[in-house]
Structure formats: C-alpha cells, structure tokens
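Please take a moment to look over the structure shown below before reading on. The explanation after it goes slowly from the whole chain to single residues.

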Amino acid sequence: MKLTLIKPTIGRREHSLYVDEGRMEPLMLGVLAGLTPPDVEVVLYDDRMESIPYDEPTDLVGITVETYTARRAYEIAKEYRDRGVPVIMGGMHISLLPEEAKEHADSIFIGDAETAWKDVIADARNKRLKPQYYGPPGVAQIGGVLPRRDLYKGKGYLPMSLMQFSRGCRFACRFCAVTQYFDKKHYLRRIDEVLTEIESQERKFLFFIDDNIASNRIALKELCHALIPMNVQWISQASLDVTKDPELMKLMERSGCWGNVMGFESITAASLRDAKKSPNISGFSHYEQEVKILREHGMQTWAAFTLGYDHDTIKSIEETVDFALQSKFTLAAYNILMPYPGTPLYKMLDEQNRLLYGGKWWLHPEYRFNQAAFVPTLMSPDELTAACHAARTRFNSFSSLVQRFSDWKTNLRSLSRALSFWRYTLLFRKELYKKHGMRFGLK
Ligand code: B12
Ligand code: SF4
C-alpha cells in the first residue's frame, strides 16, 4: 500500500508563482508517517515549494488542513478524487468545521491522529474507508512515536527541528482556535520521550511548537531542568505570564531558550478584555515589567499583536508600533483579528451581523490574505486592512531593523544571535510582502 501526504500552500500571488521561502517542517505529516505501519510506503509532497504529481499511483491521500489552506486543500482533493484516488483530510479546520469538509473528501478525521490512524490505514487497505474517524485531542506522539524526519530531506525547510512537548492551553482567548479544539485543556508529553526524540536527530536548534509551552509552569520547569545537559538552543510559544515567575525565567535562559512567540495582542486594557486575554490582564501596566524581564533574560521576542478589537482605532494601532519599536522586539507580527470558525469571536460577530464574505472568508474568491473579514467598530474594514499593512511596513522598515538590532541584551548578545536576527528578520520581512494580498487557492 502507498500513502501520499500533502501540506497545501495558502494560495498564489496575483501575477506570479509563490514559493514560501520561510517554510518549516510539517510536523503533523511527519507524525502521521511515524504512526503508519512500516510496510506502507509513504511519500510527502509540500505544495508550498513543489508541484504535486497527481498522476503518480497511490492508494490513499492524506491532506492536512488549516483555515488558511482550506480552499487550496479542496482543490487538491478534487484532483485526486477525479482520478479515483480516495482522500482523507484532517487538521484544525476539519475538526472545527466537519460539515464543510465532508463535501470535499471521501473521509474526514476529527481530532488527533495518534489513537485512530491505525484504523484508517487498516480500512484503506481493505478499501473500506469510513466517512469519518475520531481521535480525541490529547498527548502528542503517545508511546514515543518519532516523526519520520527522513521525509523532510531535500525540501529546503528552515534549519530548525520542530517538536512538541505539550498540546493545548488552559486559557480561553476569544479569538483562539486552539482553545476550542482542546477545550481549554493542556496535555503533556513524557519528558524522557522528548529527550529521546532530541537525541534521535542531529540538529540542536529546536522549535517547540507548543500552543503555549508555559501553560503549566511546573511542567515547563521540569522540561528546562532536563534540557540543560542536552546543550540545545530552543524557541517556542509562551504566554506573557511566564515573566511573573523569576525561577522559570532563569531556567528557560539556562536551558538554551532564545525567545518565544508571545501574544501581546494589544497595548490597551479594554482590547485585552475584549480578547479575554487573561494571561496579560492581571496587573496590566503597559508591559513595562514584562519587556524588562524578557530583555534581562536575553529573550529575542517575537511579539504577536492582533488588530481590530472594538476599542481599537487607527491611532491606537500606530501606538502599538511605537511600543514594539521602543521595546526592540526581534520580530513582531501584526495580524488582523480573524474570525476563525468555531471560536467565540466568530459566533459573536456572526450574531452581530458583522461577518463579511458570507461568513466564509477562507473560501470566498474575492478574499485576499491580510484583509479584514469583519466590520470593526471604530473604522471601516478597508481602514483596518490599511492600518495593519502600515503597521507591518513601519515595523519592518530598514531603519527600524537597525534600531531593533542595537540591543546588547538580546540581538547583540552573541555572534550567532546577531546572525539569526538578520537571517530571520530579513526572511520574514520578504515573506510578509510576498504574501500580502495573496489569493487563496491556485484556481
Ligand atoms: C507551528 C505553527 C505554525 C508555524 C508553521 C509550522 C509549519 N510547519 O509550517 C508558523 C509559526 C510559521 C505558523 C504560521 C501561521 N499560523 Co500557525 N500554528 C502552528 C501551531 C502552533 C502548531 C501546528 C502543528 O504543527 N502542530 C503539531 C501537529 C503534530 O499537530 P496538528 O497540526 O494539530 O496535527 C494533529 C491533528 O490535527 C491531526 N491532523 C492534522 N493534519 C491531519 C491530516 C490527516 C490526514 C489526519 C488523519 C490527521 C491530521 O493529527 C495530528 C497529530 O495528532 C498551530 C496550533 C495548533 N495546535 O494546530 C498554529 C495554527 C495552525 N496557526 C494558525 C495561524 C492562523 C497561522 C498563520 C496564518 C498566522 C498568520 N496570521 O500569519 C500563519 C500562516 C500559516 C500557513 N498555513 O502558512 C492557526 C490556524 C487557525 C485555523 N483555524 O486554522 C493555529 C491553529 C493557531 C491558533 N492559535 O489559532 N504556524
Ligand atoms: S494564551 Fe495563546 S494558545 Fe492560549 S488560548 Fe490564548 S491565544 Fe490561545
């Protein structure tokens, strides 16, 4: 039996081809391949950089789908199904919107693959694929399953190994798809299994792609203790409340943490309340302490902001950029608040009749990447789109890069930190402009 796994791209640029130069290893496909019995031949195609050979014989196609890639995923599925090849889809979007997905696949997988993928393979072998499978969201790679990293070779992924320690998050931010999928729970992998995985591969620069690695601070401390002798460098995603725990901050630094993607979301308390961003709200004083502590520990922070809350104005968005520049963040993402299906934000905007593109922006032929998909309160959708683009342009201007680079505590802490600053700020800056206004899907 042969299994073909596919990571779809988001779409294409208006007048040229698009290749994602900042692409990272698709961990979910490596894990699916790792869960597959060894007698099944597995191939992986990454639509972000290579063409999919639809005519190559295969017995089953597995596609991973996020909301951003849904339109393209459905196009790919159609190509295979037109050729009589069965398609199964899984991933965040499929789990949150199964009714839509069913129309585009022979089978859908709701939840995490770990417990039920073997049933899919067994049924596919017997040509009796069921229309739907379910695996509860939970612990990653149960029983020490290792991702098939050999499948990533030659695909030009960024030189960092993607891994997971935990899944889910205990918080309940209003816009977040993760909190719906994991129902506010946080699941931990055994530390010895994480260490075995680190040892199983050569690279020592790790990206723990946990939704919030700091959701359980005691567990993160244990992980840090275990990482110290491993002599690795790592980055991850963490909620800002880590800065309230001095012992944890020291441990993160000692264990090789270079920084985290951190959801600052907004610099105004009213917007944080709108977002239900509880890790940021308690004792909010404009992040003065948080930024200081992160710098003291040498963290090269990737600050994530969401724009378009009911209290946001064009002026407040500009002030958010001032704040990010003053804080000398290594990277910052300015994302328009997006109504992801299944989230409380989506339900609220739907009830208030504020959703644009018929409520299904991810499938709408007129929708473009980085456009507002709802009507904000204190500006028009076009003004929000323009303010977000302006924020990105200002934060990523060359003079801003130089200003941010000049920080001895973080970006100038060592030669390797300095080199990584330039490598990633320039790369992500380029990608940002390439993706702006991109159409979803290739057709
Ligand atoms: C790592 C990550 C990234 C990395 C990308 C890594 C990569 N390989 O390219 C970076 C930081 C670059 C990134 C970027 C973005 N991301 Co992101 N990202 C994640 C994160 C944290 C982890 C994804 C992951 O690899 N998990 C590990 C794997 C093993 O788990 P998994 O994907 O859940 O897969 C399991 C199951 O879902 C299932 N499954 C998955 N696929 C399939 C397929 C089949 C056939 C089957 C049977 C089962 C199955 O089984 C798997 C194993 O149990 C998720 C959060 C999350 N929990 O999903 C957000 C997430 C996917 N990202 C999100 C977003 C919005 C983005 C951006 C659009 C942000 C932006 N505005 O620019 C961009 C662009 C995304 C793109 N498509 O290009 C949202 C998507 C929301 C949605 N409804 O789809 C998420 C859910 C975060 C959130 N809080 O809402 N992201
Ligand atoms: S802290 Fe992050 S992962 Fe947790 S619910 Fe909020 S946005 Fe989602």
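The paragraphs that follow treat the overall fold, the domains, the core, the ligands and a few loop residues in turn.

This is a predicted model, in which local features need pLDDT of at least 70 and side-chain atom pairs count only at pLDDT 80 or more, while totals for chains, interfaces and linings use all residues. Residues are numbered from 1 along each chain as its sequence is written, and chains are lettered from A and ligands numbered from 1 in the order in which they are written.

We can begin with the chain as a whole, which has 17 helices and 16 strands; here helices (H or I, at least four residues) and strands (E, at least two) are DSSP runs, numbered from the N terminus. The C-alpha atoms of the chain fill a box of roughly 60 × 55 × 40 Å when this is taken along the principal axes. A compact globule of 443 residues would have a radius of gyration near 22 Å, and the chain, with 21 Å, agrees with this; the radius is taken over C-alpha atoms, and the globule rule is 2.2 Å times the number of residues to the power 0.38. Of the 443 residues, 43% are buried, where a residue is called buried if 20 or more other C-beta atoms lie within 10 Å of its own, exposed if 12 or fewer, and partly exposed in between, with C-beta atoms placed from the backbone. Among the contacts in the chain with a separation of 6 or more, 75% are made by residues 24 or more positions apart, a contact being two residues whose C-beta atoms, placed from the backbone, lie within 7 Å.

The chain is divided into domain 1 (2–135) and domain 2 (300–443), with bounds that come from an automatic or database domain assignment. The C-alpha centres of these two domains lie 28 Å apart, and the contact between them takes 17 residues from domain 1 and 17 residues from domain 2. On the side of domain 1 that touches domain 2, strand 2 (11–12) and helix 2 (70–82) each supply at least two residues, and the largest share, 4 residues, comes from helix 2. By class, this side of domain 1 has 6 nonpolar, 3 polar and 8 charged residues, where Ala, Val, Leu, Ile, Met, Phe, Trp, Tyr, Cys and Pro count as nonpolar, Asp, Glu, Lys and Arg as charged, and the others, Gly among them, as polar.

What lies in the interior? In soluble globular proteins, nonpolar side chains tend to be buried together. In this chain the largest nonpolar core has 104 residues, and those with the most contacts inside it are Leu-32, Ile-63, Ala-77, Met-89 and Leu-307; such a core is a set of buried Ala, Val, Leu, Ile, Met, Phe, Trp, Tyr and Cys residues joined through C-beta atoms within 7 Å. Helix 1 gives the most to this core, with 7 residues, and the core draws at least three residues from each of domain 1 and domain 2. If residues up to four places away in sequence are not counted, Met-89 touches, among others, Ile-63, Ala-77, Ile-94 and Phe-109.

Turning to the ligands, 34 residues surround ligand 1, and the closest are Gly-62, Thr-64, Gly-90, Phe-109 and Asp-112; a residue is near a molecule if its C-beta atom, placed from the backbone, lies within 6 Å of it. Two or more residues of this shell come from each of helix 1 (27–35), strand 4 (60–64), strand 5 (87–90), helix 3 (92–96) and helix 6 (177–181), and helix 1 has the largest share, 4 residues. The shell around ligand 1 divides into 19 nonpolar, 9 polar and 6 charged residues. Around ligand 2 the residues include Cys-169, Cys-173, Cys-176 and Asp-211, and its shell divides into 7 nonpolar, 4 polar and 1 charged.

Finally, some loop residues deserve a look. Tyr-357, in the loop between helix 14 (344–351) and helix 15 (381–395), has a positive phi of about 55° although it is not a glycine, and Tyr-357 counts as partly exposed because it has 16 C-beta neighbours inside 10 Å. Asn-370 is placed in the loop between helix 14 and helix 15, and its phi is near 75°, a positive value in a residue other than glycine. Gly-283, in the loop between helix 11 (278–281) and helix 12 (288–296), has 9 C-beta neighbours inside 10 Å and therefore counts as exposed.
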